[in-house]
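Student: Hey, can you walk me through a structure? I'd like to start with the overall layout and then get into some details.

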Amino acid sequence: MWYYIDMSFKFFSKDEGHLARTRKEQFGYIIRNNVSTLFISNVIAFVFTIPLIIVFILFSINFHQLSITEGSTTNQFISVFMITGGLTFVSTIVFNLGLIGQYTVIKELVLNSTSKLSSFFKGIKSNFKDTIFPNILYSIVFALLVINVGTYLYVQLSAPFKLVILIINISLCFLLLLGKGYINFEMVVFKNKTLVYIRNGVYLFYKNLPLSLVELILILIPFIAIGFVPINFVFIPVGLLATCYISLASLANFIIAISCYEKLFSKEEIPAIYHKGLEDINL
């Protein structure tokens with residue numbers, strides 16, 4: 001028992017005079033030595049998440065009110081879905097900008113073992129042009145999903161036609177989510193075109209199973225938690241998002257992504273990141 005207690009204390013003690021030896025070890029190393037940076041960058045990233053959370057909560061409240069109110073019309077339900085879809089588009093762009101800032105901080109912690117909080121906003125600025133089209137694509141697809149769900153439920157069209165459109169939309173969302181962790185990594189490390197990011201993200205997802213499933217679960221957990229937790233208890237997942245989850249999940253996904261690259265490619269192919277930030281090249 002004392003051995004396990006001692007190991008717990010060692011995990012949270014700072015490292016002096018050396019770096020992590022492996023990417024797996026680096027996850028704990030960065031947490032131990034950069035608690036304040038991870039916490040404050042998480043809070044800043046959460047600010048970018050607030051619009052998306054507000055949109056979801058407002059949708060839940062309005063939809064619930066219409067559902068329990070006698071005389072609610074189909075047009076009212078359709079309006080709620082349409083307005084929510086439009087707001088989802090804007091808030092998803094804002095949310096993804098926050099992720100770019102967070103991933104920039106994580107990139108510096110992983111590759112350079114240190115980062116300044118100003119890097120959060122510098123990362124958004126320097127990567128804005130290269131990431132705006134992937135972010136717009138994500139926003140369009142997820143906004144259309146909201147609208148298509150409303151269309152399927154309340155618009156008088158051919159049922160098979162509505163179902164096919166909805167299935168296509170869901171499939172696109174799933175495809176984009178599969179590669180999301182790798183795409184976030186690539187957008188702050190490399191410069192590519194939107195379709196290349198998506199192609200690489202999906203390819204790496206399948207090449208790096210089962211760790212890619214961990215990455216996917218970390219991405220989905222906040223949405224599932226907020227979506228299924230009763231509205232009176234939604235402060236619990238929101239509180240975790242606000243304090244630690246965004247930075248820790250981003251760190252885990254970044255470590256998984258860079259480990260995948262180092263496994264699939266040689267040092268000559270990725271010299272800028274290969275084992276960068278680890279002990280073996282920083283003696």
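Student: Okay, what pattern does the chain follow, read along the sequence?
Tutor: Keep in mind that this is a predicted model. Along the sequence the pattern goes α-α-α-α-α-α-α-α-α-α.

Student: And how many helices and strands are there in the chain?
Tutor: You get ten helices and zero strands.

Student: How much of the chain is buried?
Tutor: Of the 283 residues, 46% count as buried. The accessible surface comes to about 15300 Å², and 72% of that belongs to carbon and sulfur atoms.

Student: Switching to contacts: what share comes from residues 24 or more positions apart?
Tutor: That share is 71%, taken over the contacts with a separation of 6 or more.

Student: Now charges. How many positive and negative side chains are there?
Tutor: There are 20 positive and 14 negative ones, and the centres of the two sets lie 6 Å apart. Side chains of opposite charge can pair when their charged atoms come close.

Student: How many salt bridges does the count give?
Tutor: The count is three salt bridges.

Student: Which residue does R23 pair with?
Tutor: R23 forms a salt bridge with E262, and their closest N and O atoms are 2.7 Å apart. R23 sits in helix α2 (residues 23–33) and E262 in helix α10 (residues 235–264), so this pair ties together parts that are 239 residues apart in sequence.

Student: Are those two buried or exposed?
Tutor: R23 counts as buried because its relative accessibility is 5%, under the 20% cut-off. E262 is buried as well, at 12%.

Student: And what does K191 meet?
Tutor: K191 and D130 meet in a salt bridge, 3.3 Å from N to O. This pair also links distant parts of the chain, 61 residues apart: K191 is in the loop between α7 (180–189) and α8 (194–207), while D130 is in helix α5 (residues 118–154). D130 counts as partly exposed, at 30% relative accessibility.

Student: One left, then. What does E25 pair with?
Tutor: E25 pairs with R21, with the closest N and O atoms 3.4 Å apart. R21 is exposed, with a relative accessible area of 56%, whereas E25 is partly exposed at 24%.

Methods
Residues are numbered from 1 along each chain as its sequence is written. This is a predicted model: local features need pLDDT of at least 70, side-chain atom pairs count only at pLDDT 80 or more; totals for chains, interfaces and linings use all residues. Side-chain values use heavy atoms; hydrogens and water are left out. Helices (H or I, at least four residues) and strands (E, at least two) are DSSP runs, numbered from the N terminus. Buried means under 20% relative accessible area, exposed over 50%, partly exposed in between (1.4 Å probe, protein chains only). Contact means heavy atoms within 4.5 Å. Accessible areas come from the Shrake-Rupley method with a 1.4 Å probe; for residues, only the protein chains shown count as cover. Lys and Arg count as positive and Asp and Glu as negative; His and the chain ends are not counted. The place of a charge is taken as NZ of Lys, CZ of Arg, CG of Asp or CD of Glu. A salt bridge is a side-chain nitrogen of Lys or Arg within 4 Å of a carboxyl oxygen of Asp or Glu.
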